[in-house]
Amino acid sequence: MNKNSNMSVLLRGLLLENPVFVLILGTCPTLATTTTVIGALSMGLAAMAVLICSNAVISLLRKVIPDGVRIPCYIVIIAGFVTMVQMFVQAFLPEIYELLGVYLALITVNCIILGRAEMFASKNTVGRSVLDGIGMGLGFTLALVAMATVREVLGSGSFAGIALPFFSTHTISFFIKAPGGMLVYGVMIAIVNKLTHGKAPRKKSFACAGCPSAAMCSAGACETSAVKEDN
Amino acid sequence: MDTFKNLIVILMSSVLVNNYVLSRFLGICPFLGVSKKLGQATGMGVSVIFVMLIATLVTWPIQHYVLDPMNLGYMQTIVFILVIAALVQFVEIVLKKFMPALHKSLGVYLPLITTNCAVLGVTINNITDGYNFVESLVSSLGVGLGFLLAMVLFAGVRSRLDESDVPECFKGLPVTLIAASFVSLAFFGFAGVVDNLFA
């Protein structure tokens, strides 16, 4: 498949450049909202909506926004869409609003959205940026749901609130608590590493190259340590 | 006396029980990214405490004296993130001009903090939890201290991890996350401590 075709822009977010398991972006909501499948699904869809809209607008404005103040500009655009989604969810889905709590507002600082703005939307046309938003959003949602399935089935013995036989009588509450989230996330990344071995871009220093602040802190703390390690 | 007791409870519970990194999952990115060396972990932790305190100092009055009277509560997210971003820039400029020594040690971490969800998270949580001004400041201090504690503890764990032999596909982040999971499990032991602190 041609690396730059529109189809590949759409599809690579699903596995090869999955934002959660390969690019390691947006770790906070991944860990926090995956205790239930419903929570994970709604978080994924909310983030996807913001991602598509912000990618489109940032790509439209990519020639207007001056380079020096681009990060604050992106943040304002993203925060605007997050507020819209927040108001929408609060009005029509109050239960989901309760469930997600502060994490809904925190989509603003979700690295996936700022990261895609910086890495993709600021350099590509509107159409491709929207496709990228859809692909990355789907990848994010799928990853969250996959993690939530493991955690909810093992931790509370149900799937999307429906109790399952056997599991509901043998719950391991460790999995819906904080340490369980990290454990499942670590194991999932290892599985994806194994599956995509040699194909996915291997990250030498995680949480930095993918971090949206990497552009701002090129002389920063984690960058220099990463360079040192490469040598 | 009761106020003081209340403040201590807020401080202790945000440092140990509701540790933002280990039990609420806020600020995971810097926790995983900058915890390789003890020195860096400390620098980042101190900068976060600093920014959290200043951010609370500014956002709490904004919420209660500007947004609430004007019924602009829904602007909270936009206003807060803008204030934090501007504040971080401002602090960096001031430090560079007047305290070059401090800037040299903290400066590199400051831009990273703008997009640290723990900072936005603590300012929003202070409002939703209905804390007053002093309580908000104490809770921010506690959250910051908790962040520093988690960073420093984990930097120690990671220096051991570097030398251990792990399976190929677990190398790097996966094994780090699993180690973080055990550190977080250890913090579960604090759950009952604060409730019984003054019992």
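## Where the chains meet

In this predicted model, 47 residues of chain A are in contact with 45 residues of chain B, contact meaning heavy atoms within 4.5 Å. About 4,100 Å² is buried between chain A and chain B, and carbon and sulfur atoms give 78% of that area. Buried area is the accessible area (1.4 Å probe) that two parts lose on being put together, summed over both.

## A look at chain B

Chain B has 10 helices and 0 strands, taken from DSSP runs (helices: H or I, at least four residues; strands: E, at least two) numbered from the N terminus. Of its 199 residues, 53% count as buried, that is, under 20% relative accessible area with a 1.4 Å probe and protein chains only.

Let us pick out one residue. I8(B) lies in helix α1 (residues 2–17) of chain B. I8(B) and E135(B) are 127 residues apart in sequence, yet 9.7 Å apart in space, C-alpha to C-alpha.

## How to read the values

Residues are numbered from 1 along each chain as its sequence is written, and chains are lettered from A and ligands numbered from 1 in the order in which they are written. Local features need pLDDT of at least 70, side-chain atom pairs count only at pLDDT 80 or more, and totals for chains, interfaces and linings use all residues, while side-chain values use heavy atoms, with hydrogens and water left out.

Methods. Buried means under 20% relative accessible area, exposed over 50%, partly exposed in between (1.4 Å probe, protein chains only).
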